[in-house]
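Hi,

Here is the structure I promised to pass on. Have a look at it first, and then read my notes below.

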Amino acid sequence: MMETDSLDRRIVAALQIDARVPYGLLAQALGEVERTVARRVQRLVDADALRFTAFVDELRTGLGQTVSLRIQVDPGSADSVAEALALRADTRWVAVVTGDADVSCELLADGRAALHRVTSQELPSIAGVRSTRSYPVLRHIKPTTAWHAEYLTPEEASAVTSGAPTATDPGAPVDLQPSDHRLIELLVENARYSWVELAERLGVVPATARRWTERLLGSGAVALRAEIEPELLGYGVEAELWLETLPSAIEPVAEALALHPAVRYCGVVAGTRAVNILAVLPSMDDLFGFQVEVLGRLPGLVRCEATLVTRAHKRGFVAKR
């Protein structure tokens, strides 16, 4: 794995706030030279360490049903099963993990019939799969696009945020236009496509491509993401935690955890362990402190199962090489 320094991490943290921020504004916010910033970003992109993609809230846009999967596999087949899942176009997240399940996966199904076919027929047919447990996602409380590494001063973060689009009505259902589907595909492919590049692929003028994109981002149902392995940002531990709470505590627990800087994703699923989070921390000692000092003080928390991500095979619909 390539090495990063403090400037790399500050640049990526800023791009996680606004993946399309112009390099000139980014350099100004960080007090750096624009050419240096652009060269650092290109180095990370050329090494496949940094990718620009998009997160789409399928629950608000009606694009399908997301399901979290915990998969047990035959000994020695975790990576091969994860690779097979990562090759599927409908998987957003695939990782090998510790604990009772060997592979964690988030999959987007196009309706209930597709979900039944995938979970009852397609996944069990993958060589090495022993069993699967499915948990439909009910709500994304904090998508990964809402998290950024803690390397910026409040002033730097504010300077980057000034140019980022803000959602006008977060949480409300969004009716996608026919042209939005192709635009979303392009943003998932590369969130930093220029207005000219987007326009050429959409068959419109750049001003139209910009207006469509800003409308989508303003809805809050689509958000852009600078995706990078947490380890390259100095987070040596990535943990997926499944929390069982009292029914009345599901929402307050999820909302409280979503505010914590170590939590890069928080969602609510249908199941006994209704709150699912992904946390990144510098060390195992920090994970201990998170479990004791943060989770241990949450009213209504019944139990927690913590698993470590040992290798991510896919993030944000982008397969890792």
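**The cavities**

In the second largest cavity, the lining residues split into 1 nonpolar, 1 polar and 3 charged. They are Arg70, Gln72, Asp100, Ala101 and Arg133, and the space inside comes to about 40 Å³. Before you read too much into any of this, keep in mind that the model is predicted.

Counting cavities of 30 Å³ or more gives 2. The largest cavity holds about 310 Å³ of space. It has 21 lining residues, and those closest to its centre are Arg92, Trp93, Glu106, Thr144 and Tyr265. Strands matter for this lining: E1 (50-56), E3 (91-97), E4 (103-109), E6 (222-228), E8 (263-269) and E9 (275-281) each give at least two residues to it. By class, the lining of the largest cavity is made up of 7 nonpolar, 7 polar and 7 charged residues.

**A charged pair by the largest cavity**

Two of the residues closest to the centre of the largest cavity, Arg92 and Glu106, also pair up with each other. Their side chains form a salt bridge, with N to O at 2.7 Å. Arg92 sits in strand E3 and Glu106 in strand E4, so this pair ties together parts of the chain 14 residues apart in sequence. Are these two buried or exposed? Arg92 has a relative accessibility of 7%, so Arg92 counts as buried. Glu106 is buried as well, because its relative accessible area is 8%, and the cut-off for buried is under 20%.

**Other salt bridges**

Across the whole structure, the search turns up 24 salt bridges. Here are a few to find on screen.

- Asp8 and Arg43 meet through their side chains, at 3.4 Å from N to O. Asp8 is in helix H1 (residues 6-17) and Arg43 in helix H3 (residues 34-46), so the bridge links distant parts of the chain, 35 residues apart. Asp8 is buried at 3% relative accessibility, whereas Arg43 is partly exposed at 36%.
- Arg311 and Asp79 make another, and their closest N and O atoms are 3.7 Å apart. This pair also links distant parts of the chain: Arg311 belongs to strand E10 (residues 301-315) and Asp79 to helix H5 (residues 78-86), 232 residues apart. Arg311 is partly exposed at 39% relative accessibility, and Asp79 is partly exposed too, at 34% relative accessible area.
- Arg225, Glu227, Glu229, Glu238, Arg264, Arg315 and Lys320 are linked in a network of salt bridges.

**Helix H3**

H3 has 13 residues and spans 18 Å from first C-alpha to last, close to the 18 Å expected at 1.5 Å a residue. Which residues of H3 are buried? They are Thr36, Val37, Val41 and Leu44. These cover an arc of only 130° around the axis, which means that they lie on the same side of H3. On the face turned away from the buried side, H3 carries the exposed residues Arg35, Arg39 and Asp46.

Cheers

Technical notes. Residues numbered from 1 in each chain as written. Predicted model: local features only at pLDDT ≥ 70, side-chain atom pairs only at ≥ 80, totals over all residues. Heavy atoms only, no water. 1 Å grid on protein atoms, 1.4 Å probe; cavity = no way out; pocket = protein on both sides within 12 Å on 5 of 7 lines; lining within 4 Å. Points joined across faces, edges and corners; volume = space filled by probe spheres on them. Helix = DSSP H or I, 4+ residues; strand = E, 2+ residues; numbered from the N terminus. Nonpolar A, V, L, I, M, F, W, Y, C, P; charged D, E, K, R; others polar. Salt bridge = Lys/Arg side-chain N within 4 Å of Asp/Glu carboxyl O. Buried < 20%, exposed > 50% of the residue type's maximum accessible area, 1.4 Å probe, protein only. Expected span 1.5 Å × (residues − 1). Arc of directions from axis to C-beta.
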